[in-house]
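Notebook, structure look-up. I wanted a few checks on one helix, on the chain as a whole and on one strand residue.

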Amino acid sequence: MTVHPSLQTYADAWTHAVESIAELVTPLVEGEWNRPTPCPAWSVRDVVSHVIGLETEFLGDPRPIHTLPRDLYHVKSDFARYMEMQVDVRRHHTSPEMVAELEYVLIRRARQLRNENRAPDALVRAPLGAEQTLELAMRMRAFDSWVHEQDLRTALGQPGNLDSPGALITRDVLLEALPKVVAKDAGAPPLSAVVIDVHGPVEFLRTVRVNADGRGSIDGSPSLGPVVSLATDWETYYRLACGRVRYGAVADRVKIDGDQELGAAILGAFAVTP
């Protein structure tokens, strides 16, 4: 590949995730495309449609001209409406149509990556007509693709790749959002510390520290006197943070030491994806 060296990690993670998605869905029979996934309101077909749609946009293809039905009650924002367009337009596509389009889009995107010579800070199209750097766009495609690979694995009963390259990028993306969850959304008190201890295929320990002004920061140093410590496994962590499950449904998989009320508030605000 000629992609910039700083982008190679994201390119590799994206490739691993989307090739896994293709392997998962290629053998599916028609009815299996309608299975519900942990991604709210989306079926297997919908998740794959979303992946196809975003990759076509990365290629510069025009968005479809399509009017959304009025009864899609899970679509509650402009961002959700934007994302739903690529999904709804494919809701009646057959299994062969879905597989063929996915394969064609991935071939085109792989070719685009091989020929990519833009700098990481080059501006590219983002949802809703905004712009973002190429580095951020590739990072988020790797993140998004891995999470949706896991959605499909859960729906199809084929677990795996919890420690793949995309999992590590997902960890980093989710951890960046953690200070806001702890300090602002859950209201951890100033000059306090919250420890997050995650075990399993991806292991890490992080401390969120809230300063005197109520702003949070995160580091890898343990805290001697955290106001609360949360311990869970990697699969539960990412599912909570990506809004795939509510705390109440996995309370037996999370251990709270210290301030129980604050711990519950943090876990209640844990979902950071739109």
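The expected span of a helix is 1.5 Å times one less than its number of residues. I note that the model is a predicted one.

Entry 1, helix α6. I looked up residues 165-185, which make up the 21 residues of α6. At 1.5 Å a residue the helix should span 30 Å, and I find its end C-alpha atoms 29 Å apart, so the two values agree. I then looked for a bend and found a kink of about 35° at A177, shortly before the proline P179. Just after α6, I find G187 with a positive phi of about 70°.

I list eight helices and seven strands. For 274 residues a compact globule would have a radius of gyration near 19 Å; the chain has 20 Å, which agrees. The C-alpha atoms fill a box of roughly 55 × 40 × 35 Å along the principal axes. I get 49% of the 274 residues as buried. The accessible surface is about 13200 Å², and carbon and sulfur atoms hold 53% of that. Among contacts with a separation of 6 or more, 65% join residues 24 or more positions apart.

I placed V124 in strand β1, residues 123-125. Is V124 buried or exposed? Its relative accessible area is 10%, and buried means under 20%, so V124 is buried. Beyond its neighbours within four places in sequence, V124 is in contact with R118, A130, E131, Q132, T133, L134 and A137. For the pair V124 and A137, I noted 13 residues in sequence and 7.7 Å from C-alpha to C-alpha.

Key: Residues are numbered from 1 along each chain as its sequence is written. This is a predicted model: local features need pLDDT of at least 70, side-chain atom pairs count only at pLDDT 80 or more; totals for chains, interfaces and linings use all residues. Side-chain values use heavy atoms; hydrogens and water are left out. Helices (H or I, at least four residues) and strands (E, at least two) are DSSP runs, numbered from the N terminus. The bend at a residue is the angle between axes fitted to the seven residues ending there and the seven starting there. The radius of gyration is taken over C-alpha atoms; the globule rule is 2.2 Å times the number of residues to the power 0.38. Buried means under 20% relative accessible area, exposed over 50%, partly exposed in between (1.4 Å probe, protein chains only). Contact means heavy atoms within 4.5 Å. Accessible areas come from the Shrake-Rupley method with a 1.4 Å probe; for residues, only the protein chains shown count as cover.
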